[in-house]
Amino acid sequence: MSDINHLVAQLAQEATAVKPAPHPYQLSLQWIGAGALYLALTLALSGLRPQLAEHLSQFWFAAELVALLAIFIFTSLSAALLAFPDLHQKRRLAFAPVVAFLLFLLILIGAWRADTPPASHPAHDIECTLSILLTMLLPAAMTLRSMRQYASTHYHLAGGIALLSAFSLGALWLRLHEANDSIAHVVAWHYLPMLGIGLLGLWLGKMWLKW
């Protein structure tokens, strides 16, 4: 018995304190804050689109930006919840991005119908998609690296949501930077690629987050 007590005492002395995991709300706020700082830095380097204040006074453009911001915020929160095996008992909140995406779709439909006569297409096309992809790399890598520290049991969905969050941040940057009013171009080269990114995230989540 004395040997057992000695062993327990020795193990207790050798044990190291384990830092408790942050609450998903706190984790998502960290990601949102880092994303806001990253967006500010990228805009400082690239510059804002000409006459941005005038464009912000246009309802559909402003609504599109607000919807993109909502997608980024809700996907950040969802990714933080999905990083934990029990979703912190907030399953409905984890799927809140569905509402944000539906709102975004309605806004795009409204902007498309209001674009009469249609604005001229810019001379470039796939360059916009590539710019968003390059911009999203750093926030996507940081989010996935952070999520790997936890024990997600929804790694497919967690990976998809994480990449959509980073993509929405890149898309928000480009809309604030690029001088372009063609909603047809924006839908085709800014937003439709989100579908492919989401599918890529499902695969990447399994490769990176599965434990």
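Where does Pro122 lie? Select Pro122: it lies in the loop between α6 (97–114) and α7 (126–147). Helices here are DSSP runs of H or I with at least four residues, numbered from the N terminus.

Before moving on, note that this is a predicted model, in which local features need pLDDT of at least 70, side-chain atom pairs count only at pLDDT 80 or more, and totals for chains, interfaces and linings use all residues. Residues are numbered from 1 along each chain as its sequence is written, and side-chain values use heavy atoms, with hydrogens and water left out.

**Around Pro122**

Now show the contacts of Pro122, meaning heavy atoms within 4.5 Å. Leaving aside neighbours within four places in sequence, Pro122 is in contact with Asn180, Ser182 and His185.

In the loop between α6 and α7, also select Pro117. A cis peptide bond joins Thr116 and Pro117, with omega at about -5 degrees.

**Helix α2 and what follows**

Select residues 24–46, helix α2. The expected span of a helix is 1.5 Å times one less than its number of residues.

In α2 the buried residues include Leu27, Trp31, Ile32, Tyr38 and Leu43. What covers the buried residues of α2? The cover includes α4 (59–82), α7 and α8 (155–177).

Step just past α2 to Gly47, which takes a positive phi of about 90 degrees. Then go to Gln51, in the loop between α2 and α3. Phi of Gln51 is also positive, near 55 degrees, in a residue other than glycine. Gln51 is exposed, with a relative accessible area of 56%.

**Helix α4**

Select α4. This helix has 24 residues and reaches 34 Å from its first C-alpha to its last, close to the 34 Å expected at 1.5 Å a residue. α4 is mostly covered, with 17 of its 24 residues buried.

Zoom in on Ser78, in helix α4. Is Ser78 buried or exposed? Ser78 counts as buried, at 0% relative accessibility. Not counting residues up to four places away in sequence, Ser78 touches Ala94, Pro97 and Ile161.

**Two salt bridges**

Side chains of opposite charge can pair when their charged atoms come close. A salt bridge here is a side-chain nitrogen of Lys or Arg within 4 Å of a carboxyl oxygen of Asp or Glu. By this rule the count comes to 2.

Select Asp181 and Arg49. Their side chains meet in a salt bridge at 3.0 Å, N to O. Asp181 lies in the loop between α8 and α9 and Arg49 in the loop between α2 and α3 (52–56), so the pair ties together parts that are 132 residues apart in sequence. Asp181 counts as partly exposed at 44% relative accessibility, whereas Arg49 counts as buried at 3%.

Now select Glu64 and Arg175. They form a salt bridge, the closest N and O atoms being 2.7 Å apart. Glu64 lies in helix α4 and Arg175 in helix α8, so this pair ties together parts that are 111 residues apart in sequence. Both Glu64 and Arg175 are buried.

**The nonpolar core**

A nonpolar core is a set of buried Ala, Val, Leu, Ile, Met, Phe, Trp, Tyr and Cys residues joined through side-chain atoms within 4.5 Å. Which residues have the most contacts inside the largest core? Select Phe104, Met136, Met147, Phe167 and Tyr191; the core has 56 residues. Helices α2, α4, α6, α7, α8, α9 (183–191) and α10 (193–209) each supply at least two of its residues. The largest share, 14 residues, comes from α8.

Center on Tyr191. Not counting residues up to four places away in sequence, Tyr191 touches Glu64, Leu68, Phe104, Leu108, Ala171, Arg175 and Val186. Glu64 and Arg175 are the salt-bridge pair from the previous stop.

**Last stop**

Select Leu157, in helix α8. Leu157 is partly exposed, with a relative accessible area of 32%.

How values were computed. Buried < 20%, exposed > 50% of the residue type's maximum accessible area, 1.4 Å probe, protein only.
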